[in-house]
Amino acid sequence: MIDVPAYDVIEELEHGPLVRFLEGPLAGREVVLAARAMSESSAAVRSLTPEQRANELLLSLLTPQQRSEWASRQRFTVLTRFGTVELGEKFNIRYCPNAGGEYRLCVVPNRCTDLPGGDVWVNLLLWLQHDPRWFLTVANWRRCPHGEWNFGPVPGIRDA
Amino acid sequence: MGTMRILSESGDTIVDWRIDDPESVTNAKREFDLLAAHRQIAFARPANASVEEAERIHAFDAFAEEIIWIRPIAGG
């Protein structure tokens with residue numbers, strides 16, 4: 001017998017109830033409990049939507065601190081040797097250089113419109129973590145609060 | 001078993017291989033080389049490790065637990 005965390009039944013489907021777990025490692029996940037699995041108290045995870053798959057991959061890459069930020073406000077910060085970048089708002093990424101000031105950046109993966117939102121952040125997170133110079137070189141930018149948009153690189157990067 | 005996750009409109013496309021299955025390794029390496037030729041960028045990480053443990057790779061590593069493919073970036 002396996003212990004199953006508490007869940008709410010969302011809908012009765014042909015093969016068993018669709019439920020949402022309220023606690024444990026599957027908290028928030030929607031799952032179909034097959035009839036046989038119900039009797040054995042185990043669950044089969046329902047196939048995920050593209051956005052759910054992308055978010056799952058993103059969450060798996062985040063540090064606990066970043067995961068907490070993402071859960072509370074759908075943004076997370078990445079510390080680089082040039083400054084702090086906040087990912088989560090498309091086309092308007094907050095950047096605070098170590099040298100002071102504040103900018104908004106626009107950086108996107110190629111053909112980003114065919115990617116779920118979570119994958120856009122996976123893409124930018126990996127670039128930023130491993131090559132922040134390139135990220136800040138290609139970024140279009142503007143000064144806060146109301147500067148005009150400029151082509152990259154962001155000021156201070158070329159000579160850093 | 002190793003897994004490649006290629007970012008796509010479905011979330012990601014999965015390519016798996018088993019080190020004891022030469023055909024699956026060959027297929028995965030072929031896919032790796034194809035993506036690299038199309039200027040996609042590969043990172044390897046231990047399963048579910050955070051981004052800090054991800055490492056950029058330039059050649060197929062059959063012993064990698066997970067390889068994530070991302071795209072080039074540009075100013076938007």
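Predicted model: local features only at pLDDT ≥ 70, side-chain atom pairs only at ≥ 80, totals over all residues.
Local features are kept at pLDDT of at least 70 and side-chain atom pairs at pLDDT 80 or more, while totals for chains, interfaces and linings use all residues. Residues are numbered from 1 along each chain as its sequence is written, chains are lettered from A and ligands numbered from 1 in the order in which they are written, and side-chain values use heavy atoms, leaving out hydrogens and water.

**View 1. The sheet of chain B has five strands.** Here we're looking at an open sheet, with strands in the order S2-S1-S5-S3-S4 and mixed pairing. Helices (H or I, at least four residues) and strands (E, at least two) are DSSP runs, numbered from the N terminus, and two strands pair if DSSP finds at least two bridges between them. Strands of a sheet pair through backbone hydrogen bonds, either parallel or antiparallel. At the edges sit S2 (11–17) and S4 (55–57) of chain B, each pairing on one side only. From one strand to the next, the twist averages 30°.

**View 2. Strand S1 of chain B has partners in S2(B) and S5(B).** S1(B), residues 2–8, runs antiparallel to S2(B), and seven bridges join them. The hairpin that joins S1(B) to S2(B) goes through two residues. With S5(B), S1(B) pairs in the parallel sense over four bridges; Met4(B), for instance, has Ile67(B) as its bridge partner there. Which residues point one way from S1(B), and which the other? Gly2(B), Met4(B), Ile6(B) and Ser8(B) go one way, while Thr3(B), Arg5(B) and Leu7(B) go the other. Seven of the seven residues of S1(B) are buried (under 20% relative accessible area; over 50% is exposed, in between is partly exposed, with a 1.4 Å probe and protein chains only). So S1(B) is largely enclosed by the rest of the structure.

**View 3. Helices of chain A meet the sheet of chain B.** Helix H2(A), residues 50–61, lies across S1, S2, S3 and S5 (66–70) of chain B, at about 70° to S2(B). Helix H4(A), residues 117–130, packs on the sheet too, touching S1, S2, S3, S4 and S5 of chain B, and its direction makes about 100° with that of S5(B). For these angles, axes are lines fitted to C-alpha atoms, for helices over the stretch in contact, and angles run from 0 to 180 degrees between N-to-C directions. Contact means heavy atoms within 4.5 Å.

**View 4. Helix H4(A) is largely enclosed.** 12 of its 14 residues are buried, so the rest of the structure largely encloses H4(A). Among the buried ones are Trp121(A), Leu125(A) and Trp127(A).

**View 5. Chains A and B share an interface.** How many residues of chain A are in contact with chain B? There are 32, and they touch 27 residues of chain B. The area buried between the chains (accessible area, 1.4 Å probe, that two parts lose on being put together, summed over both) is about 2,600 Å², with carbon and sulfur atoms giving 58%. Two salt bridges are counted between the chains (a side-chain nitrogen of Lys or Arg within 4 Å of a carboxyl oxygen of Asp or Glu). In one of these, Asp114(A) and Arg71(B) have their closest N and O atoms 2.8 Å apart. Asp114(A) is partly exposed at 26% relative accessibility, whereas Arg71(B), at 5%, is buried.

**View 6. Salt bridges also form inside chain A.** Glu86(A) pairs with Arg73(A), the closest N and O atoms being 2.7 Å apart. Glu86(A) belongs to strand S6(A) and Arg73(A) to helix H3(A), 13 residues apart. Buried or partly exposed: which is Glu86(A) at 11% relative accessibility? Glu86(A) counts as buried, while Arg73(A), at 39%, is partly exposed. Arg75(A) and Glu89(A) make another salt bridge, at 3.1 Å between closest N and O atoms.

View 7. Over in chain B, Arg39(B) has a positive phi of about 65° and is exposed at 59%.
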